Amino acid sequence: MKIILLTIALLFSFSSTVSAQDLVFGTILETKGENALTAQEAMNGAILAVKKFNDSNQNLKIKLECESITNEPLEIIQAVHKLTATKGIMATTGIISENAALSAAPVFQTAQLPFLCTGAQLNSLTTPETPDTFTLAVSDNKIGTDLAKYTFATLQAENIFLIRSDMNDSTAKQAESFSANFKTKGGTILSEMRITEPNPDLSFIMKAIEALAPLPQSDSKKTEDAIGVSNYIDEGAAIITQKRTPPPEIQEIEAVVIFASAKVSAKLLNLMKEKEMAYNIVGGTSFDMVAMKKTIASWSGNIIFASQASLTRENNLVKLFVKAYTELFGEQPQTGYAALGFDSILLLAHAAGTTGNPSVNIRTNLPAVNKFKGVSGEISFKNGSVQKPLYIIQSDAGQISLAAEMQ
């Protein structure tokens with residue numbers, strides 16, 4: 001509540017009288033409903049970007065017009081219409097979930113108002129038919145591919161238990177990409193459990209995992225090796241892997257891979273913790289939500305998950321961002337979406353230029369952005385979609401570090 005009230009106060013300060021030379025941007029974020037806390041971080045990042053920009057520019061300022069939404073389609077469309085009708089608005093950014101993006105993007109496109117989607121990873125969001133729509137998030141296909149590569153090659157988990165959404169959402173698309181690529185590399189999915197409802201009874205999954213638990217006695221011999229990751233940035237980070245000689249007679253679960261909503265993923269981990277299931281955990285970008293942070297922090301073992309940004313990597317821009325965010329909002333950012341909110345505003349300002357029509361400039365210049373240095377990494381665009389790193393984050397008994405940067 002403290003951060004939300006502070007945000008409101010800051011927005012009032014940014015909504016003061018604006019001259020004809022100023023940049024007027026819209027923001028639309030799900031700061032109500034299930035994704036509220038994570039969307040709030042994206043909003044905070046955007047506000048920090050406006051503050052940084054306005055503090056460093058004497059003759060050009062940014063003004064934000066903000067809409068707060070849930071995931072209700074009609075509410076989203078009404079909010080988009082309100083933004084597109086705002087006098088002087090030049091472009092809009094925001095939205096972190098795929099369903100909200102699919103509701104909003106067509107309306108922005110019809111109004112020919114450039115829309116930079118902050119966090120939705122849909123491959124279908126940007127097409128040749130939607131030249132005014134852009135996305136700052138790495139695609140679901142790349143997320144699944146990179147996680148499969150990391151799980152098999154670096155975590156050295158060849159036999160996995162896969163739990164995945166089957167609800168035609170972002171996590172389901174990540175799961176499809178992961179599954180295909182993991183099998184191609186030679187990995188084995190011992191069991192695949194599909195979740196078909198938003199709040200399911202997960203007891204059947206617990207029983208399925210228990211059925212694949214190792215036998216009380218085994219002839220296999222295990223040795224633990226600490227291996228470093230070739231593209232680690234944080235020094236001293238390591239992952240414990242198991243090597244077996246000879247191979248066990250019965251294949252054992254070497255990692256539990258979860259592609260589900262943050263709510264379901266947290267429930268799964270809590271159930272596994274109750275049953276003392278100490279497996280390596282691999283998760284998609286839903287693990288990088290505020291709703292997951294307490295659960296991850298309390299997990300005594302190893303969790304690997306994907307994120308659109310790493311706030312622990314050794315980078316001066318990241319360090320400055322975290323410091324400034326903490327000073328302004330009273331606590332450190334918890335997710336990569338804070339960085340995406342920050343980068344999205346500065347990208348729009350960068351593409352708007354200082355002469356000519358800012359909206360036309362954004363439409364023309366944003367697709368040509370190349371190697372823009374953002375908090376979330378070096379950013380380029382191709383056909384409306386971002387080309388930037390995906391980050392593999394490790395939580396070892398609650399201690400967060402960067403495991404790998406996937407180009």
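These notebook entries record what I looked up in a predicted model.

**Entry 1: conventions.** I number residues from 1 along each chain as its sequence is written. In this predicted model local features need pLDDT of at least 70, side-chain atom pairs count only at pLDDT 80 or more, totals for chains, interfaces and linings use all residues, and side-chain values use heavy atoms, with hydrogens and water left out.

**Entry 2: the sheet.** I looked up the strands (DSSP runs of E, at least two residues, numbered from the N terminus; helices are runs of H or I, at least four residues). Two strands count as paired if DSSP finds at least two bridges between them. An open sheet of seven strands has the order β7-β6-β10-β11-β12-β16-β17, with mixed pairing. Its edge strands, β7 (188-195) and β17 (399-406), each pair on one side only. Strand β16 (residues 390-396) runs antiparallel to β17, and seven bridges join them. In this pair I found Q394 opposite S401 of β17.

**Entry 3: strand β10.** I then turned to β10 (residues 255-259) and asked how many of its residues are buried. Five of its five residues are buried, where buried means under 20% relative accessible area, exposed over 50% and partly exposed in between, with a 1.4 Å probe and protein chains only. A255, V257 and F259 lie on one side, V256 and I258 on the other. Strand β6 (residues 159-165) pairs with β10 in the parallel sense over five bridges, and F161 stands opposite V256. Strand β11 (residues 281-283) is also parallel to β10, joined by three bridges, with V257 opposite V282.

**Entry 4: the largest pocket.** I read its volume as about 690 Å³. A pocket is an open set of points on a 1 Å grid over the protein atoms alone, where a 1.4 Å probe fits, with protein on both sides within 12 Å along at least five of seven lines; lining residues have an atom within 4 Å of a point. The volume is the space filled by probe spheres set on the points, which are joined across faces, edges and corners. Of the 26 lining residues, E34, N35, E98, S261 and A262 are the closest to the centre. Helices that each supply at least two lining residues include α2 (36-56), α4 (98-110) and α8 (262-274).

**Entry 5: S97.** I located S97 in the loop between β3 (91-94) and α4. Is S97 buried or exposed? S97 counts as buried because its relative accessibility is 10%. Leaving aside residues up to four places away in sequence, S97 touches E30, N35, N71 and A120, contact being heavy atoms within 4.5 Å.
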